[in-house]
Amino acid sequence: MSFTVVIPARYASSRLPGKPLAEIAGKPMIQHVCERAAESRADRVVVATDDDRIRTACESFGAEVVMTSPNHASGTDRLEEVARALGFEADHRVVNVQGDEPLIPPELINQVADNLELYPEAAIATLCERIHDPEQVFNPNVVKVVFDHKGMAHYFSRAPIPWARDQWQEGTPLTGVDISLPHNIGYFRHIGIYGYRASVLGQFVSWAPAPTEVTESLEQLRALYNGARIHVDVAAVNPPGGIDTEADLQRVRNWLERRDIDNG
């Protein structure tokens, strides 16, 4: 079955304005993302944007662009507009790759698309990675996920889940006391790449924000709240971090410069 990669790209970023057009190794960031997506098995790669500067840059290197409304509250809303505009069939797979992931491994794109085909009961597919550092478990900026033996998500949270009642005394994480992770259960960080069935995108944007979604500020909880199943798989390869800040941007620039020197 074929699938399409859609890359939402906004110019207005609070921490790094114009981020998709930031120059990395002689190319705008969005071009690197498109090139990584094109290395996957996707039949089509589409950039979804509401900004003419991003459209012009993308068209200069031959990318397909769909202009979307500037009023979308999230990337999922933008994806749904693209799916509707391009007339995707209900079961067509759409993989959302963020426009600030210039180093995303194509294997991860294939993985979420494949999992939608392997698990027909799943409306959405996503990825995670094992957490080994206890500090990440208690970091609210690291989203944790708990799933069953088939990989179906139970819940996503900024809180440390599951809570090791017998190992962590109440308040321990706040006291600065050294803590360790239980050995009998894994802790997993959610990785923000999603595969959707096109029909689910249409349903998603019709649902009101869920109470859990508003409380945790996690959009995927809207799907769980409304009974849509989310398949979670451990990432086949370690994903590099995306670009949120100027420091992240410089880190990726340095990495690519070292790679180009090594490949000489």
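Predicted model: local features only at pLDDT ≥ 70, side-chain atom pairs only at ≥ 80, totals over all residues.
Reader: Then is Cys 34 buried or exposed?
Author: Cys 34 has 8% relative accessibility and therefore counts as buried, since the cut-off is under 20%.

Reader: And how many disulfides turn up in the whole structure?
Author: A search of the whole structure gives zero disulfides. Cys 34 is accordingly in none, and the nearest cysteine sulfur, which belongs to Cys 58, lies 5.3 Å away.

Reader: What about Cys 128, buried or exposed?
Author: Cys 128 is buried, with a relative accessible area of 0%, and it is among the residues that Val 145 touches.

Reader: What else does Val 145 touch, leaving out residues up to four places away in sequence?
Author: Besides Cys 128, Val 145 touches Ala 153, Tyr 155, Phe 156, Phe 188, His 190 and Val 232 on that count.

Reader: Which residues have the most contacts inside the largest nonpolar core?
Author: That core has 30 residues, and the ones with the most contacts inside it are Ile 124, Val 145, Phe 156, Ala 223, Ile 230 and Val 232. The elements that give two or more residues to it are S4, H3, S7 (124-130), S9 (153-157), S10, H7, H9 (220-225) and S11 (230-234).

Reader: Which element gives the most?
Author: Helix H7 does, with four residues in this core. Apart from this core lies another one of 27 residues, which includes Val 5, Ile 54, Val 112 and Ala 125.

Reader: Switching to H3, why is that helix described as largely enclosed?
Author: Helix H3 covers residues 75-85, and eight of its eleven residues are buried, so the rest of the structure largely encloses it. The buried ones are Thr 76, Asp 77, Arg 78, Leu 79, Glu 80, Glu 81, Val 82 and Ala 83.

Reader: What covers those buried residues?
Author: The cover includes strands S1 (3-9), S4 (44-49), S5 (64-67), S6 (93-96) and S10 (188-197), together with helix H7 (198-206).

Reader: And what happens at the start of H3, and what follows the helix?
Author: At the start, a side-chain oxygen of Ser 74 comes to within 3.3 Å of the backbone nitrogen of Thr 76. After the helix comes Gly 87, which has a positive phi, near 65°.

Reader: Which side chains does Thr 76 join through polar contacts?
Author: The side chain of Thr 76 has a polar contact of 3.5 Å with that of Tyr 196 and one of 2.8 Å with that of Glu 219. Thr 76 itself counts as buried, at 2% relative accessibility. Setting aside neighbours within four places in sequence, Thr 76 is in contact with Tyr 196, Leu 201, Phe 204, Val 205 and Glu 219.

Reader: Zooming out, how many helices and strands does the protein chain have?
Author: The protein chain has ten helices and eleven strands. Its radius of gyration is 19 Å, close to the 18 Å that the globule rule gives for 264 residues, so the chain is as compact as a globular protein of that length.

Reader: What does the C-alpha trace span, and what percentage of residues is buried?
Author: Along its principal axes the C-alpha trace spans about 60 × 45 × 30 Å, and 49% of the 264 residues count as buried. Among contacts between residues at least 6 apart in sequence, 67% join residues at least 24 apart.

Terms used:
Residues numbered from 1 in each chain as written. Heavy atoms only, no water. Buried < 20%, exposed > 50% of the residue type's maximum accessible area, 1.4 Å probe, protein only. Contact = heavy atoms within 4.5 Å. Polar contact = N/O pair within 3.5 Å; in protein donor to acceptor, adjacent residues only side chain to side chain. Core = buried A, V, L, I, M, F, W, Y, C linked by side-chain atoms within 4.5 Å. Rg over C-alpha atoms; globule rule 2.2 N^0.38 Å. Disulfide = S-S within 2.5 Å.
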